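Dear colleague,

I am handing over the structure below, with a note on what was found in it. Please read the note with the model open beside you.

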Amino acid sequence: MKLNRTLLGFIAFTAVFLPALCSATVHSYPAYERENFQPHFLRVQGGEISRDRAASIVKQRFGGKILAISETKKQGRAVYRVKGLSAKSQVYVVFVDKQSGRISR
């Protein structure tokens, strides 16, 4: 029984490259899968974080509901002022830096 060239090429390719692909390890994990990941310290490359991302950072950190978000300046830096309602029905206000995503009070 003769094997045609396509099947023979596939078998040769599989025999040579499959072991190499299976032994390759992946060292690059997304930030959220790394140990000790803190989303409120996430830096954004090449620009500012969005209002939605700022709300997400605050909600992950404090929980509850986001009531309002506005843009302002604090100590000369552009920040989002985020007003929220905690799970214990307490109103809080925090500031999220537009460049770094850090939260301050």
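A contact, as the word is used here, means heavy atoms within 4.5 Å. On that basis, among contacts in the chain between residues at least 6 apart in sequence, 33% join residues that are at least 24 apart.

Two remarks on the source come before the rest. This is a predicted model, in which local features need pLDDT of at least 70 and side-chain atom pairs count only at pLDDT 80 or more, while totals for chains, interfaces and linings use all residues. Residues are numbered from 1 along each chain as its sequence is written, and side-chain values use heavy atoms, with hydrogens and water left out.

The chain holds two helices and four strands, where helices (H or I, at least four residues) and strands (E, at least two) are DSSP runs numbered from the N terminus. Read from the N terminus on, the elements follow the order α-α-β-β-β-β. The accessible surface of the chain, by the Shrake-Rupley method with a 1.4 Å probe and, for residues, with only the protein chains shown counting as cover, comes to about 8,200 Å², and 56% of it belongs to carbon and sulfur atoms. Of the 105 residues in the chain, 21% are buried; buried means under 20% relative accessible area, exposed means over 50%, and partly exposed lies in between (1.4 Å probe, protein chains only).

The four strands form an open sheet in the order S1-S2-S3-S4, with antiparallel pairing, and two strands are taken to pair if DSSP finds at least two bridges between them. Strand S1 (65-74) and S4 stand at the edges with a single partner strand each, so one side of each is left without a neighbour in the sheet. H2 packs on the sheet and touches S1, S2, S3 and S4, its direction making about 120° with that of S1; such angles run from 0 to 180 degrees between N-to-C directions, with axes fitted as lines to C-alpha atoms, for helices over the stretch in contact.

S1 and S2 run antiparallel and are joined by nine bridges, and Ala68 stands opposite Lys83 in S2. Their hairpin has two residues between the strands, and Gln75 in it takes a positive phi near 55°. S2 and S3 pair in the antiparallel sense over seven bridges, with Asp97 in S3 as the bridge partner of Val79.

The largest nonpolar core has 12 residues in all, including Ile49, Val58, Tyr80 and Ile103; such a core is a set of buried Ala, Val, Leu, Ile, Met, Phe, Trp, Tyr and Cys residues joined through side-chain atoms within 4.5 Å. Helix H2 (51-62), strand S2 (77-85) and S3 each supply at least two residues of this core, and the largest share, four residues, comes from H2.

Leu85, found in strand S2, counts as partly exposed at 26% relative accessibility. Leu85 touches several residues beyond four places away in sequence, among them Gly63, Leu67 and Tyr92, and the C-alpha atoms of Leu85 and Leu67 are separated by 6.7 Å although the two residues are 18 apart along the chain. Ser100 has its place in the loop between strand S3 (91-97) and strand S4 (103-104), and at 8% relative accessibility Ser100 counts as buried.

With best wishes
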